[in-house]
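Hi,

Here is the structure I promised to pass along.

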Amino acid sequence: YMISCYNKGQYIVEVFCSSKTVNGNVTENKQTYYLSKDDVTNDIIGMCVVHDLTEQRQKERDSYRKNLLIQKLCDKYDGVSYVRLDEGIIIDYQLDSIFEYWKDERKQQLRYLERVKQFADKFIIEEDREKFKKGMHPEVIKEKLKESSFYHLDYRIEEDGEIHYFSARVVQDDTNTKEFCVIIGLRNVDEMVRQHKILEETLRYAEHA
């Protein structure tokens, strides 16, 4: 096969395979063959360079899982952001509804805690403001995610003189082992609250009857 590749003018051939180390671990490898001809013997010579792709392929799989989770959240949430909590860096994936406010490039330069404070002071009703600031603090999020695979926080927003119910859902990016990173989804739950109130009212009527 190598000789046929050389004869067709293909002088670099890549082969991907898995192999076992002496310890029994499976590694993913790329073997790159550089083909040339010996001027004296006319033999076709292949110099093989082996690259260990195990770590790279794991990162690719982790990235795919993370992006899939973010995509699922984007389908259900009004705002979805990826946050590197220790550095305070935010990457926004989706900003709908009230979160259009954050599409301004200058606002996106804010660190995580700065944005939490500004968002709370500008939109969240006074009764829920401190609860939101405290609940979305990195140290609180870390503690909550030690207890459960996700963490959620309910709060209320005032927009155009109306009160709206929102919920924040936080999940840890367990593919990142070097930093504490989370994906935060924010969504309007007015309809869920309305249905819940109807259910409670119906139950009270039923108990009274």
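This is a predicted model: local features need pLDDT of at least 70, side-chain atom pairs count only at pLDDT 80 or more; totals for chains, interfaces and linings use all residues.

Below is what turned up, starting with the sheet and moving on to the charged pairs and a surface patch.

Five strands make up an open, antiparallel sheet, and their order is E5-E4-E8-E7-E6. The edges belong to strand E5 (89–95) and strand E6 (150–159); each has a single partner strand, so one side of each has no neighbour in the sheet. On average, neighbouring strands here are turned by 20° against each other, ignoring direction. If you want to check the E4 and E5 pairing, these two run antiparallel and are joined by six bridges. Tyr82, for instance, has Ile91 in E5 as its bridge partner. There is also a helix on this sheet: H6 (residues 138–147) packs on it and touches E6, E7 and E8. The direction of H6 makes about 135° with that of E6.

Salt bridges

Searching the whole structure gives 13 salt bridges.

- Arg84 and Glu87 meet through their side chains, with an N to O distance of 2.8 Å. Both count as partly exposed, Arg84 at 24% relative accessibility and Glu87 at 37%.
- Arg84 also forms a salt bridge with Glu179, at 3.2 Å from N to O. This pair links distant parts of the chain, 95 residues apart: Arg84 is in strand E4 (residues 79–84), while Glu179 is in the loop between strand E7 (162–172) and strand E8 (181–188). Glu179 is partly exposed too, with a relative accessible area of 23%.
- Arg57 pairs with Glu28, and their closest N and O atoms are 3.6 Å apart. Here again distant parts of the chain are linked, with Arg57 in helix H2 (residues 54–76) and Glu28 in strand E2 (residues 26–37), 29 residues apart. Arg57 is partly exposed, with a relative accessible area of 26%.
- Lys117, Asp121, Glu130 and Lys133 are linked in a salt-bridge network.

A nonpolar patch

Which residues make the nonpolar surface patch of about 410 Å²? They are Tyr11, Ile12, Tyr34 and Met47. Tyr34 sits in strand E2. Its relative accessible area is 35%, so Tyr34 is partly exposed and passes the cut-off of over 30% for patch residues.

Cheers

Conventions
Residues are numbered from 1 along each chain as its sequence is written. Side-chain values use heavy atoms; hydrogens and water are left out. A salt bridge is a side-chain nitrogen of Lys or Arg within 4 Å of a carboxyl oxygen of Asp or Glu. Helices (H or I, at least four residues) and strands (E, at least two) are DSSP runs, numbered from the N terminus. Buried means under 20% relative accessible area, exposed over 50%, partly exposed in between (1.4 Å probe, protein chains only). Patches are made of residues with over 30% relative accessible area and no salt bridge: like charges are joined within 9 Å, nonpolar side chains (Val, Leu, Ile, Met, Phe, Trp, Tyr) within 5 Å. Accessible areas come from the Shrake-Rupley method with a 1.4 Å probe; for residues, only the protein chains shown count as cover. Two strands pair if DSSP finds at least two bridges between them. Axes are lines fitted to C-alpha atoms, for helices over the stretch in contact, and angles run from 0 to 180 degrees between N-to-C directions. Contact means heavy atoms within 4.5 Å.
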